[in-house]
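Subject: Structure handover

Hello,

Here is the structure I promised you. Please open it next to this email and follow along as you read.

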Number of protein chains: 2
Amino acid sequence: MADLSIDVVAKAAGVHRSTVSRAFSRPEAVKSETREHILRIAEGLGYTMSPLAQALRTKTSTFVPLIVPDITNPFFAELAKTMTQAADERGYQLLLCVTNGDPAKTEGYFTAMQAMYAPFGIVAPSTKVDTDALKRFDFGHKVVVIDRVEGDSSVPTVTVDGRRGIVLALEHLRSLGHTSIGYVSGISGTHTAQDRMDAYLELSAEGSSTPLVLDSGSDPDAAARAAKHFLEMEKPPTAIIAANDMVAFAVISALGQSGIRVPEDVSVMGFDGLALGARFNPPLTTVRQPIADMGNIAIELAEKQNLNGSVDHVVLEPELLVRASTSGPRK
Amino acid sequence: MADLSIDVVAKAAGVHRSTVSRAFSRPEAVKSETREHILRIAEGLGYTMSPLAQALRTKTSTFVPLIVPDITNPFFAELAKTMTQAADERGYQLLLCVTNGDPAKTEGYFTAMQAMYAPFGIVAPSTKVDTDALKRFDFGHKVVVIDRVEGDSSVPTVTVDGRRGIVLALEHLRSLGHTSIGYVSGISGTHTAQDRMDAYLELSAEGSSTPLVLDSGSDPDAAARAAKHFLEMEKPPTAIIAANDMVAFAVISALGQSGIRVPEDVSVMGFDGLALGARFNPPLTTVRQPIADMGNIAIELAEKQNLNGSVDHVVLEPELLVRASTSGPRK
DNA sequence: TCGATTGCTGAGATCGGTTGCAATAACACT
DNA sequence: AGTGTTATTGCAACCGATCTCAGCAATCGA
């Protein structure tokens, strides 16, 4: 497989390279016999066009960066998975960029992607997105964010309705008979996380109950602290809502180590609907986010914006997913 | 930020573009004052070189593909995480390619990466790697595989010693007093998986005990079947070794749903050492693979091969990680 | 039958860099 | 002062495509 350039194919087919180029990228502009002949020859040689050269010349590539803080977090992993799929159904190539929460890295990826003529990018942030910072980049106006953003932003976004999710969780738990429901807010300063917490605080205050936030740290030990807090209470809540599935896992684990059983002693709900939750012990009741939809929609929004400059903000409906980590309150 | 090409900088600095080029990529070839002047101007303009153009001309880029079957699998996610790190410490840019186990996609990524002049690639397979198939690609001889491969392959590899891992697991369990130890082999036809299973079969036959494979399917329900099998036995094993952490999670979950408790009723061990395991219920005892090392070494091997053609096969030592899912056998 | 329109293909500039080679400047040495 | 090096920089071709423009043949209308 020596060097296979467009000229090689052109020569082999006895045409000029511009014709070969057209045969590939603007098929209707070349006589069908010629085209088929060229394509056949190219096929035989095992020729494919250089995306590099193409991008360089056309100033537009099919690379779509997906910027996530931590791929180890199953939420982002699932997002990445569905998005790769969604991306290449549409002819894009998803590039996964992991920032570890470092804003400098995020910027680095931005300039890199700009340099690679990515048509747009997707950002799933771990902190509130500073849209102004985004726009400092030439590339910043071609980004869709998977989170809510501040103000009347000109950046397209996809989110799920966190408040609605909390409503579902609360309804589920109350219908089971729980009246004392705590909350553990793990990590993150995203708007999404904020919204969930706010919704909890507001909605759980309804009726006779009072909100109870067991812990709101964002470090790895937050769940352990929440568990400790729980154990020290003389009248602990009979149910707990965790800000997301990972936190729920950690809470259940920490509780378990102190002999507290879920759901026998306390019900615990997550929020995300990770596939992993089905394999947890016990399988986790949770509020499912339509992650696959988010991925698809993110790309659609980006394309739409690129096309006609429209900036949409889509908010999706979450869905209750009852598994085994919740039950009636311990009598 | 209008179009910022090398010529713009050259004009601004009053030199020829070749000088600018050299100032960046071969600093010693240009007088230091000139260089600094150019760099300053470039800095001021916010100029960075186009990796595309560079790659096109030099026929070598810094893109390193990491090909994994499923990013949703925490093992690959952790690998990806440590490798992105390792990669950009060395000036590479890791491109995560997810195949979903589809060999066609793998090939697709190969040709794509070849086209992008990737210096080499890393493959973490989900099936036995067919090294001949690899070599059909021009790119195939620049790949390091994270698994053992068949025969006297000319492809560098990194693995951990699966047999040793099983020895550690067995020793741990036996020292706890277990004599009847089952095995659940989840997914995958990798050599790694095969090695573990073989080691179990051979080593568990020592002493008076006889091997007991609860299930060896690779589908999502394998763990459930294993659990069912366990429940139906009149004298089930007192401990179970799972082929990897994910399987262990699923087994514990399935067992839990039938009221079997871990480790009270049965001890369960995993294999991988996922961070997630620490948050499982109960925290999972497992055999840790040095994932971070694997990533670093994979890149080193690739570089070495590129440099002097050497093909090494590194096998790393696993390590016992005792958490809470194992204890003495139920009396 | 002839100019006009349309369809298809070739020429050559261009995208943003790199690099071998030539030219010039600077310095060393006899 | 004359000549041989060596350090710097400019020139121009090239990487592998795309794209505008022009040329040419075939088709069309009158």
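A residue is near a strand if one of its heavy atoms lies within 4 Å of it. With that cut-off, 31 residues surround DNA strand D. The closest are A:I6, A:S21, A:R57, B:T34 and B:K59. Keep in mind that this is a predicted model.

**DNA strand D**

Which part of the strand faces the protein?

Start with A:I6. One of its backbone N or O atoms lies 2.5 Å from a phosphate oxygen of DNA strand D. Then go to A:S50. There, a backbone N or O atom lies 2.6 Å from a phosphate oxygen of DNA strand D. B:S18 reaches a base instead: a polar side-chain atom of B:S18 is 3.2 Å from a base nitrogen of DNA strand D.

By class, the surface near DNA strand D has 11 nonpolar, 11 polar and nine charged residues.

**DNA strand C**

Now turn to the other strand in the file. DNA strand C is surrounded by 31 residues. The closest are A:T19, A:T34, B:I6, B:S21 and B:R57.

A polar backbone atom of A:H16 is 2.9 Å from a phosphate oxygen of DNA strand C. B:Q54 uses its side chain: a polar atom there lies 2.8 Å from a phosphate oxygen of DNA strand C. A polar side-chain atom of B:R22 lies 3.5 Å from a base oxygen of DNA strand C.

The surface near DNA strand C draws at least two residues from each of four helices: helix 2 (17-25) and helix 4 (51-58) of chain A, and helix 2 (17-25) and helix 4 (51-58) of chain B. Which helix gives the largest share of this surface? Helix 2 of chain B does, with five residues. Sorted by class, the surface near DNA strand C has 10 nonpolar, 12 polar and nine charged residues.

**The two protein chains**

How is chain A divided? Chain A has domain 1 (6-49), domain 2 (63-159 + 291-316) and domain 3 (162-289). The C-alpha centres of domain 1 and domain 3 of chain A lie 60 Å apart.

Next, compare the chains. A rotation of 180° with 0.0 Å of shift along its axis superposes chain A on chain B, with an RMSD of 0.1 Å. That is the relation of a two-fold axis. The same surface serves both copies, as 100% of the contact residues of chain A recur in chain B.

How many residues of each chain are in contact with the other? There are 50 residues of chain A in contact with 50 residues of chain B. The area buried between the chains is about 4,100 Å². Carbon and sulfur atoms give 60% of that area. In chain A, the residues that lose the most area to chain B are A:L52, A:R279 and A:N281. Together they account for 17% of what that side buries.

**Backbone details**

A few spots in the backbone deserve a look. A cis peptide bond joins B:V262 and B:P263, with omega about 5°. B:P263 sits in the loop between helix 11 (245-257) and strand 9 (267-269) of chain B. Another cis peptide bond joins B:N281 and B:P282, with omega about -5°. B:P282 is in the loop between strand 9 and strand 10 (286-288) of chain B.

Last, check A:D272. Its phi is near 155°, a positive value in a residue other than glycine. A:D272 is found in strand 9 (residues 267-272) of chain A.

Best wishes

Methods. Residues numbered from 1 in each chain as written. Chains lettered and ligands numbered in written order. Predicted model: local features only at pLDDT ≥ 70, side-chain atom pairs only at ≥ 80, totals over all residues. Heavy atoms only, no water. Polar contact = N/O pair within 3.5 Å; in protein donor to acceptor, adjacent residues only side chain to side chain. Nonpolar A, V, L, I, M, F, W, Y, C, P; charged D, E, K, R; others polar. Domains from an automatic or database assignment. Least-squares fit on C-alpha atoms with pLDDT ≥ 70 in both. Contact = heavy atoms within 4.5 Å. Buried area = accessible area lost by both parts, 1.4 Å probe.
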